[in-house]
Amino acid sequence: NLGNFYRMSNMYKNIKETKEINILALGGSITAGGYFENFKKLLLNKNKNKDKDKDKDTAIDIDIDINKVNIYNHGHGATEIIYTLFCIEIEYYKPDLILIDFSVNDHAHPKLMDALIRKALLIGTGAGSGSSSRNLPVVAMVNLWVQPSCPTTKYLTHGQYYNLPVINLCPAVDLCYGKAHLPKWRWSEYSLDDGVHPWGKNGVQFIGEILYSWFKRGYHITMPTDYDLHSSVTSLSTSTITNELELPPPLYGSHIGKCTRCDALAGDSSGVLKPIGTTKGFVEKKRVKFGFGGFNPNDGTDTGANPLAVTGSSSGSSSGSGSSIREGATKSFKISWQAQTPGDHITFNFYGTSVSIAMWQRRDGMGILNAIVDDNPLLKTSASGFFKGFTWAMEKNNTGRSEVIPLFEGLDDKMHNITFTISDIPANTWVKGHLCQIFALLSSSDNSKNCIKKG
């Protein structure tokens with residue numbers, strides 16, 4: 001799927017006029033680590049010497065001078081798409097290109113990707129603030145999950161339905177660096193550790209070449225050299241602009257609400273996760289962890305400041321020849337409501353039809369939270385803090401992961417109360433301990449009341 005020609009043509013025209021490109025990168029730890037860094041360098045440098053070196057490949061490159069590349073990096077390690085969907089307010093940005101990575105952590109229901117795609121496509125449609133058709137970003141999905149034999153990639157249906165490109169890196173990476181059929185020295189050039197994270201000496205460079213080839217191919221298809229022809233292509237596409245501003249129905253009947261919230265104690269949240277009524281045992285606690293997607297106490301996020309709340313779209317703007325902007329680690333999952341005694345309880349409000357909880361999971365010492373909505377005995381469930389930990393050496397160091405656990409769907413679209421009580425049964429029955437950490441409450445609704453966020 002080559003993608004939406006109208007959006008792509010507009011993107012290249014905008015870049016040509018402004019000599020600048022704004023990229024919003026969404027995903028997990030591979031995005032957080034900057035898999036796009038070489039892509040940025042190629043965008044800046046590929047055309048600089050094309051007139052001098054007409055006998056080289058650069059002579060047939062794209063006819064755009066790009067002086068600035070702004071990459072807004074919202075990759076958050078050890079999280080899934082649900083975190084990106086609920087906790088990152090992408091509507092504050094005005095990107096030319098949105099890259100959505102999916103990899104090893106992405107095993108949730110495909111309706112979450114459907115909802116994230118819809119949210120991304122609505123940027124610039126006027127559903128936000130004062131936008132026009134020229135602001136419609138190109139949305140592309142990037143498969144970074146490298147597996148032996150490369151099974152059919154996920155989200156092909158999503159790509160076809162919404163006319164989005166799916167850039168599947170697995171076949172190329174497996175062919176050139178595949179862990180299953182090549183010696184260790186070779187695949188370690190792509191990945192030093194697990195065969196997935198591309199932190200070998202050639203990994204980021206290899207990915208950048210593939211992304212740039214896709215970018216260049218799109219340019220040559222949607223931007224003919226005859227400018228009059230380009231104008232006619234654009235004018236023909238303009239007849240379909242009404243369809244661009246109105247999305248088709250969601251792919252799944254049980255869709256995620258239009259308005260999503262991530263209420264937490266940290267500064268990047270939609271609202272403050274504040275208990276109501278009587279609380280027993282739960283106290284605020286800051287957590288620091290290390291490893292893939294880990295929190296760095298020196299990353300500048302300890303202030304709790306929300307860089308998006310003040311300027312809207314220009315937070316962390318770059319200067320010079322290009323910049324990658326990382327708004328910090330998963331701040332929403334940095335401060336929690338914590339308790340460790342059976343019977344301890346806490347209650348929150350939320351608005352909407354669905355609710356999930358972000359909590360810490362690890363192998364030993366964690367507890368189980370029993371949840372009830374509106375004191376209704378028919379609306380009960382539980383969330384466990386247990387994680388077996390057979391990835392990233394967690395079986396050795398018992399570090400754990402932040403996990404979003406769905407609790408209820410199909411509720412009445414209104415204000416609800418939800419009470420969490422620590423069970424007297426430990427999450428791991430072989431190990432004593434009932435520690436529970438609540439980082440965020442995620443809710444969704446089709447009512448605009450749920451769209452109102454702090455800041």
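First, the ground rules. The model is predicted, so local features need pLDDT of at least 70 and side-chain atom pairs count only at pLDDT 80 or more, while totals for chains, interfaces and linings use all residues. Residues are numbered from 1 along each chain as its sequence is written, and side-chain values use heavy atoms, with hydrogens and water left out.

I will start with a sheet. It is open, has 4 strands, and runs in the order E11-E16-E13-E14 with antiparallel pairing. Strands here, like helices, are DSSP runs numbered from the N terminus (helices H or I, at least four residues; strands E, at least two). Two strands count as paired if DSSP finds at least two bridges between them. At the edges stand E11, residues 345–352, and E14, residues 380–384; each has a single partner strand, so one side of each is left without a neighbour in the sheet. On average, neighbouring strands of this sheet are turned by 25° against each other, direction ignored. The axes behind such angles are lines fitted to C-alpha atoms, for helices over the stretch in contact, and angles run from 0 to 180 degrees between N-to-C directions.

Within that sheet, how many bridges join E13 to E16? There are 5, between residues 368–373 and residues 414–422, and the two strands run antiparallel. As a landmark, Asn-370 stands opposite Thr-421 in E16.

Next, strand E10, residues 335–339. Of its 5 residues, 4 are buried, so E10 is largely enclosed by the rest of the structure. Buried means under 20% relative accessible area, exposed means over 50%, and partly exposed is in between, with a 1.4 Å probe and protein chains only. E10 pairs with strand E8, residues 283–286, in the antiparallel sense over 4 bridges. It is also joined to strand E17, residues 436–445, by 3 bridges, again antiparallel.

Two residues in other strands. Asn-70 lies in strand E2, residues 68–75, and at 2% relative accessibility it counts as buried. Its side chain makes a polar contact of 2.7 Å with the side chain of Glu-20. A polar contact is a pair of N or O atoms within 3.5 Å; within protein, one must be able to donate a hydrogen and the other to accept it, and residues adjacent in sequence count only if both atoms are side-chain atoms. Leu-26 is found in strand E1, residues 20–27, and is buried at 0% relative accessible area. Its C-alpha atom is separated by 9.5 Å from that of Leu-85, which is 59 residues away along the chain.

Now the salt bridges. A search of the whole structure finds 6, a salt bridge being a side-chain nitrogen of Lys or Arg within 4 Å of a carboxyl oxygen of Asp or Glu.

One of them joins Asp-106 and Lys-154, at 3.7 Å from N to O. Asp-106 lies in the loop between strand E3 (97–102) and helix H5 (111–121), and Lys-154 in the loop between strand E4 (138–143) and helix H6 (156–162), so the pair ties together parts that are 48 residues apart in sequence. Asp-106 is buried at 5%, whereas Lys-154 is partly exposed at 32%.

Another joins Glu-409 and Lys-111, with the closest N and O atoms 2.9 Å apart. Glu-409 is in the loop between strand E15 (401–408) and E16, and Lys-111 is in helix H5, so this pair ties together parts 298 residues apart in sequence. Glu-409 is partly exposed at 45%; Lys-111 is buried at 8%.

Arg-186 and Glu-189 also meet in a salt bridge, at 2.9 Å from N to O. Arg-186 is partly exposed at 24% and Glu-189 is buried at 12%. With Lys-201, these residues are linked in a network of salt bridges.

Last, the helix pair. The axes of H3, residues 37–45, and H9, residues 203–222, come within 7 Å and cross at roughly 50°. That makes H3 oblique to H9; angles under 35 degrees count as roughly parallel, over 145 as roughly antiparallel, 65 to 115 as roughly perpendicular, and the rest as oblique.
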